[in-house]
Amino acid sequence: MQLRTAQRRSVFVNGERTETGASSLGELVTQLGHEQDAVATAVNGEFVPRPSRAATPLSEDDRVEIVAPRQGG
Amino acid sequence: MNAMERAPPDAKPLTLYGTEVSSRLLLGTARYPSPQAMSDAVRAAGAGIVTVSVRREQARGNTGSRFFDLIKALGTRVMPNTAGCRTPKEAIATARMARELFGTDWIKLEVIGNDDTLQPDLFGLVEAAGALARDGFKVFPYTTEDLVAAERLLGAGCEVLMPWGAPIGTGRGLANPYALRSLRQYFPSVPLIVDAGLGAPSHAAAAMEMGFDGIMLNTAVATAADPVRMARAFAQAIEAGRTAYEAGLMEMRDMAAPSTPVAGTPFFDLERS
C-alpha cells in the first residue's frame, strides 16, 4: 500500500497552481498557515465543512478555495 | 379618499424572518477610506444590519480574522453576501462558506447576470434561492423590480425581497419608481428592502415614503467626502421617509387648492369674481 503522505501533487489553491504533500484538505489548510476556524473551504466548487476537511482527500488538479471574511456591500 | 379613510400603515419595527432589527438602514462595509471610517459610519448610521463578503485568503494571511474582529466589535447583526457569483452553484457554495465563517444563516443572495449592469440573473437567482431555503438559509435575494420574479422568489421560500433601485454603484436613485410602487402595492405584507443604486438621502426618503421597509446602502456612504456625516444624513432621510409613510401622505392633485381659508378674504367682492 502506498503512503498517501509521501505523494506530492499539484492542485489549484485560490486559482494558483500549488505543489503540496498534503494528503487531505485539512492538512493543506494547516500547511498554508491558516487557523482551521479562520477560513472556509470548497473543493471543485463544492463547500467542504470544517469537520469534513481531514477526511477530504486531494487529487491531482483539484481546485481548492480557501476564503475568509471581507468587506462587502 | 381622505386621511381618515386610509388604513394606517404598519408602525411596528422592521421584522425579518421573525427577527426584529433595530434600524431600517442596512449598510455595506466595503469601499470606505479606512477601517475606522467604516466603523464610525456604521455607528453614525445606527445600522440594523451590516453586510460582509467572503474572499480568497492568502497563505499565512489573517486579513479575514482582523476584519471580522472589527465587525464583531460593532455589535451589529451581520449578513454575508454572495457578491460576484455568476451561477447558482457558485452562489450556493459561497453561501455555505459564509454561513460557516460568520455563524449566521442569513444570506444576501446575489447571482449576477451581466458584468456591466451587475443585473441579477433572475433565473439563476430563483434556482439558488430555492436550494438555499431548503438548506435552512434565510435568503435575502438581490432582485430587480420584476413582479413575476418576485412571486417565484417567494414561492422558492424567500420571506424578504431586495429589489434594486438602480444598478449597484451608480447612485442614480429609483430608476423605475412606477414598477417599484407596483411591487410595493402588490406585496403589501412582504418586507421589501430597496438595495443598490441609491446616491442621495432624498432617494432613500422617496423609497421609504412609497412604503418600502428598509434601505440597503454602501457606495453612497462609503465614497462620500465624509462617510460618517453621509451615514447620518441617510439615517435621517430613512427615518423621515418612514415617518411620513406612517403619517399618511396627502394625495397629489392637478389643480391648485388654497391652503389659507378663502372665507373672509379682505377685498373679496363681486368686482373680482
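The structure holds four aromatic pairs over all chains.

Me: What makes B:F68 and B:F102 an edge-to-face pair?
Reply: Rings of Phe, Tyr and Trp (its six-membered ring) pair if their centres lie within 6.5 Å, and planes under 30 degrees apart are stacked, over 60 edge-to-face, the rest tilted. Here the centres are 5.1 Å apart and the planes sit at 80 degrees, so edge-to-face it is. B:F68 is in helix α2 (residues 63–74) of chain B and B:F102 in helix α3 (residues 88–102) of chain B, 34 residues apart, so the pair links distant parts of the chain. Helices (H or I, at least four residues) and strands (E, at least two) are DSSP runs, numbered from the N terminus.

Me: What ground rules apply to the model and its numbering?
Reply: It's a predicted model: local features need pLDDT of at least 70 and side-chain atom pairs pLDDT 80 or more, while totals for chains, interfaces and linings use all residues. Residues count from 1 along each chain as its sequence is written, chains are lettered from A and ligands numbered from 1 in the order written, and side-chain values use heavy atoms, leaving out hydrogens and water.

Me: Why is B:E100 with A:R50 called a salt bridge, and what does the pair join?
Reply: The rule wants a side-chain nitrogen of Lys or Arg within 4 Å of a carboxyl oxygen of Asp or Glu. The closest N and O atoms of B:E100 and A:R50 are 3.8 Å apart, so the pair qualifies. B:E100 lies in helix α3 of chain B and A:R50 in the loop between β4 and β5 of chain A, so two chains are joined. B:K89 and A:E46 also meet in a salt bridge, at 3.8 Å, N to O. Across the interface of chain A and chain B there are five salt bridges; over all chains, 15.

Me: How do you know how much chain A and chain B bury between them?
Reply: Buried area is the accessible area (1.4 Å probe) that two parts lose on being put together, summed over both. For this pair of chains that comes to about 2400 Å², 56% of it on carbon and sulfur atoms. In chain A, A:P69, A:R70 and A:G73 lose the most area to chain B, together 29% of what that side buries. As for contact (heavy atoms within 4.5 Å), 28 residues of chain A touch 31 residues of chain B.

Me: Why do β5(A) and β4(B) count as paired?
Reply: Two strands pair if DSSP finds at least two bridges between them. Five bridges join β5(A) to strand β4 (residues 49–56) of chain B, running antiparallel, so they pass.

Me: What makes β6(B) and β7(B) a parallel pair?
Reply: β6(B) and strand β7 (residues 138–143) of chain B share four bridges in the parallel sense, with B:I107 partnered by B:V139. They belong to an open sheet in the order β6-β7-β8 (chain B).
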